[in-house]
Amino acid sequence: VLVFGAGLLAAVALLGPKPKDDAVKNETYECGLPEQLTGHSKIPIKFYLTAILFILFDIEIIFMYPWAISMQDFISSGDIYDQDKLEMFVNTQVKPFFDFDQMSRLVAGRFYRGMNDEQRAMFQSRLEEMFMVAFTRQVSQHAGPQPQIDFLRPRFKGPDEVEALARVLFPDGSAKRLVFRFHRGERGWRVYDVAANGTSAVLYYRKHFLDRVRRSGPEALLN
């Protein structure tokens with residue numbers, strides 16, 4: 001068998017067509033463009049870091065699929081009509097994904113810098129409660145046939161900022177575009193803002209609290 005194989009290779013080398021070797025054919029092919037640099041050119045490390053970040057977050061976003069499926073399974077189970085079970089699900093399966101510290105900083109804006117630690121904790125607790133109540137209310141309105149959720153390729157805004165995109169297709173033919181804005185902090189990647197069809201939760205709450213500050217002063221952030 002070895003002799004037969006070696007014989008075939010020798011026959012092809014002797015009797016087969018001879019490739020034409022010229023300078024143009026030996027050039028490095030780069031998308032049809034003439035070669036500009038040598039293959040040993042130094043590339044800044046930031047490009048490698050960007051590529052690594054892209055790969056890592058593509059892996060991170062995989063964990064949003066079971067989260068979405070878990071939410072759909074919970075809604076389909078009928079437990080959505082039980083207020084206690086709904087609140088428990090949101091607090092254990094949804095809340096840990098959010099960075100309310102970063103969210104409160106962005107919502108309060110310049111007023112955040114003037115708060116002491118106790119006031120910041122009070123404001124964050126209030127914002128967290130408002131957000132989770134609104135989220136729970138939205139979830140409770142989606143009982144029945146579940147929509148199709150497609151996660152799209154994330155967009156990178158920097159080494160610690162990423163936007164994860166999702167398209168929600170409802171059974172009635174309507175669609176909603178969701179943007180989950182992630183921030184990498186001490187606890188890893190967490191969501192600090194959610195936008196639905198261009199409406200940002202952070203901007204909504206910032207406007208809400210600023211309107212209260214204009215009417216009642218900065219104390220309205222804590223009351």
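Student: Which residue forms a salt bridge with Asp211?
Tutor: This is a predicted model, where local features need pLDDT of at least 70, side-chain atom pairs count only at pLDDT 80 or more, and totals for chains, interfaces and linings use all residues. Residues are numbered from 1 along each chain as its sequence is written, and side-chain values use heavy atoms, leaving out hydrogens and water. A salt bridge puts a side-chain nitrogen of Lys or Arg within 4 Å of a carboxyl oxygen of Asp or Glu. Here the closest N and O atoms are 2.9 Å apart, and the partner of Asp211 is Arg214.

Student: Which helix holds Asp211 and Arg214?
Tutor: Helices are DSSP runs of H or I, at least four residues, and strands are runs of E, at least two, numbered from the N terminus. The two residues are 3 apart, about one turn, and both lie in helix 8.

Student: Is Asp193 buried or exposed?
Tutor: Buried means under 20% relative accessible area, exposed over 50%, partly exposed in between (1.4 Å probe, protein chains only). Asp193 has 4% relative accessibility, so Asp193 is buried.

Student: How far apart are the closest N and O atoms of Arg181 and Asp193?
Tutor: These two residues form a salt bridge. Arg155, Glu163, Arg181 and Asp193 are linked in a network of such bridges. For Arg181 and Asp193, the closest N and O atoms are apart by 2.9 Å.

Student: How many bridges join strand 4 to strand 5?
Tutor: Strands pair if DSSP finds at least two bridges between them. Strand 4 and strand 5 form a hairpin with 2 residues between them. They run antiparallel, and the number of bridges is 8.
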